[in-house]
Amino acid sequence: MLATRAVLGPALRKVALSPRLASAATGILNEQRLNRPSSPHFTIYQPQLTWLGSIANRATGGGLSVLLYGFSLAYLVAPGTFDSAHVVEFVSGLPDAAKYAGKVILAAPFAFHSLNGLRHLSWDMGKFLTVKGAYGTGYAVLGATALSTVALVMM
Amino acid sequence: MSSSLILRSTVPRSFRAVSGRSALLKAVQARHASTSTTYVPGGPVYKGTVNDPTDFPPPSKSHGSYHWAFERLLSAGLVPLTAAAFVTSGSQYPVLDGLLGISLVMHSHIGFDSMLVDYLHKRKFPILGPIVTWTLRTATVGVLVGVYQFNTNDIGLTELITKVWHA
């Protein structure tokens, strides 16, 4: 032990007293970090109503907003092509199956995002903040979304 | 705001909370000095020595509790606005249509901004993050102008949706 200390003595002193060696070590460390993989996290998390519902809320909101932004910017840039007359004309020219599909594609995210939004607002008021509450309200939102989508498409 | 405290401490906010907290833990662990803020898997390598804490954004009510309260009030306000838009016609109540348009755009902007803060934070993406943030702000301004033009020179959002739905 003492022999090792005596042999390594000069090296130990150099490490302790030389700041250049310290930064070289961190440089090597950072370079190694760039080569390290990260463990699976997002890909292995068990699918659950909680986080699936949460990401679905974000995805539906994002999708509907992309539609809103896209249409508004398109109308701003080319009001002649995207005015209501042309849009209505284009939609009425589509086959019935496409119209139904389009209605479902628009109604389902809108219904889910609105109902899940109400779920979020109830959490913000301090209600249903348990596992049972989250799951109960989650299933209620899914059921209500299905019913609302049917109702909206029938309108 | 006890409800916000309850929310932050007990509800597993799934995606957002997990990514935010784990990024913070990794930032505290990656404490060694670096000449650059290269992105490494798990987070950027911070400036400073092993004894320096990670930096946090400065406490600010307008970016904190006021932002939160505004976001929730806006979302809650969208419920009666949308219900009213459903039962009336856009051309009869243009003020309602305008309010709905503005509220929807603001709600969408806050939603997009939350996605950027979660996935493209400027701490991790020092160049791309700010670029996309400012692109979003420009786009929102454009959308507001577009919505105004559409509501003024054309039939308005609620009327358009009604017509398209029954086309």
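**Chains, interface and salt bridges**

Author: In chain A, 66% of the contacts with a separation of 6 or more are between residues 24 or more positions apart, a contact being heavy atoms within 4.5 Å. This is a predicted model, in which local features need pLDDT of at least 70, side-chain atom pairs count only at pLDDT 80 or more, and totals for chains, interfaces and linings use all residues. Residues are numbered from 1 along each chain as its sequence is written, chains are lettered from A and ligands numbered from 1 in the order in which they are written, and side-chain values use heavy atoms, with hydrogens and water left out.

Reader: What is the corresponding share in chain B for residues at least 24 apart?

Author: In chain B, 50% of the contacts between residues at least 6 apart in sequence join residues at least 24 apart.

Reader: Turning to the interface, how much area is buried between the chains?

Author: About 4000 Å² is buried between chain A and chain B, with carbon and sulfur atoms giving 73%; this is the accessible area (1.4 Å probe) that two parts lose on being put together, summed over both. On the chain A side, A:Arg58, A:Tyr69 and A:Asp124 lose the most area to chain B, together 18% of what that side buries. The contact takes 46 residues from chain A and 56 residues from chain B.

Reader: How many salt bridges are there between chain A and chain B?

Author: There are 2 salt bridges between chain A and chain B, each a side-chain nitrogen of Lys or Arg within 4 Å of a carboxyl oxygen of Asp or Glu. In one, the side chains of A:Arg58 and B:Asp118 meet at 2.8 Å, N to O. B:Asp118 lies in helix α4 (residues 94-119) of chain B and A:Arg58 in helix α3 of chain A, so the pair joins two chains. Both B:Asp118 and A:Arg58 are buried.

Reader: What does A:Asp124 pair with?

Author: A:Asp124 forms a salt bridge with B:Arg72, their closest N and O atoms being 2.9 Å apart. This pair crosses from helix α5 of chain A to helix α3 (residues 65-87) of chain B, and both residues are buried. B:Arg72 also forms a salt bridge with B:Glu71, at 3.7 Å between the closest N and O atoms.

Reader: A change of topic: which residue does the "binding site" annotation cover?

Author: The UniProt annotation "binding site", from an unreviewed entry, covers A:His113; UniProt positions are given in the numbering used here, feature names are shortened, and annotations may be inferred rather than shown by experiment.

Reader: Where is A:His113, and what does A:His113 touch?

Author: A:His113 is in helix α5 (residues 96-124) of chain A. Not counting residues up to four places away in sequence, A:His113 touches A:Asn57, A:Thr60, A:Gly61 and B:His107.

Key: Helices (H or I, at least four residues) and strands (E, at least two) are DSSP runs, numbered from the N terminus. Buried means under 20% relative accessible area, exposed over 50%, partly exposed in between (1.4 Å probe, protein chains only).
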